[in-house]
Amino acid sequence: SLLHTYARWKIPFAAPDLTAVARRIKQSKDNWDVDMAVNGLLSFADLAKANVDKGDPVDCAESAVETLTGIIDISELTVEQIHRLLEAYRRLSKVLPPGAHHYITDGVQQARQVLVFKIGTMDSSLRNPMVENLVALGVD
């Protein structure tokens, strides 16, 4: 999709276009499955970060994050999906306004609780980056 392509190449959207993407995410939320929502959150985080780096506002970020996190039931995610979700949270922590950080803190705490039960099933190639993301997000 266009969202993933732009995010992969770190091509910033103009602020009105990023707002249109956030609006489209909200309008089409019933068509997103959990995996699409996790990947969409990661892609949106990359786009928002590219806009912030360019000096453009990302006033729409909270709306998109609220919609996508509302689709995701963390207890149902695989370890790999949780890893991508934590990476998205880590990137979003740099672009969301302070009042919207509760999406990140709530999600990180839920992910931490789920990971306590799944940590034994992870190999080190996945466990180590996940621990790094948790530490970067303030979880010990």
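This is a predicted model: local features need pLDDT of at least 70, side-chain atom pairs count only at pLDDT 80 or more; totals for chains, interfaces and linings use all residues.
A crossing of two helices is called left-handed if the near helix is turned anticlockwise from the far one by less than a right angle.

**Helix α2 and its two partners**

Let's start with the geometry. Helix α2 covers residues 15-27 and helix α3 covers residues 34-54, while helix α4 is made of residues 61-71. The table sets out how the axes are placed.

| Helix pair | Axes come within | Crossing angle |
|---|---|---|
| α2 and α3 | 11 Å | roughly 160° |
| α2 and α4 | 9 Å | roughly 25° |

How do the directions of α2 and α4 compare, parallel or antiparallel? Angles under 35 degrees count as roughly parallel, so the crossing at roughly 25° makes α2 roughly parallel to α4. For the other pair, the cut-off is over 145 degrees for roughly antiparallel, and the axes of α2 and α3 cross at roughly 160°. Helices α2 and α3 are therefore roughly antiparallel to each other. Helix α2 also passes α3 in a left-handed crossing.

**Who touches whom**

Which residues of α2 meet α3? They are Ala15, Leu18, Val21, Ala22 and Ile25, and on the α3 side they meet Phe44, Leu47, Ala48 and Asn51. Sorted by class, this contact of α2 with α3 has eight nonpolar residues, one polar residue and no charged ones.

Now turn to α4. Here Ala22, Ile25 and Lys26 of α2 meet Ser63, Ala64, Glu66, Thr67 and Leu68 of α4. By class, the contact of α2 with α4 has four nonpolar, two polar and two charged residues. If you follow Ala22 and Ile25 in the structure, you will find them in the contact with α3 and in the contact with α4.

Leaving aside residues up to four places away in sequence, Asp46 touches Ala7 and Arg91.

With a relative accessibility of 57%, Arg8 counts as exposed, because the cut-off for exposed is over 50%. How far is the C-alpha atom of Arg8 from that of Val79? The two C-alpha atoms are separated by 22 Å, and the residues lie 71 residues apart along the chain.

Notes: Residues are numbered from 1 along each chain as its sequence is written. Side-chain values use heavy atoms; hydrogens and water are left out. Axes are lines fitted to C-alpha atoms, for helices over the stretch in contact, and angles run from 0 to 180 degrees between N-to-C directions. Helices (H or I, at least four residues) and strands (E, at least two) are DSSP runs, numbered from the N terminus. Angles under 35 degrees count as roughly parallel, over 145 as roughly antiparallel, 65 to 115 as roughly perpendicular and the rest as oblique. Contact means heavy atoms within 4.5 Å. Ala, Val, Leu, Ile, Met, Phe, Trp, Tyr, Cys and Pro count as nonpolar, Asp, Glu, Lys and Arg as charged, and the others, Gly among them, as polar. Buried means under 20% relative accessible area, exposed over 50%, partly exposed in between (1.4 Å probe, protein chains only).
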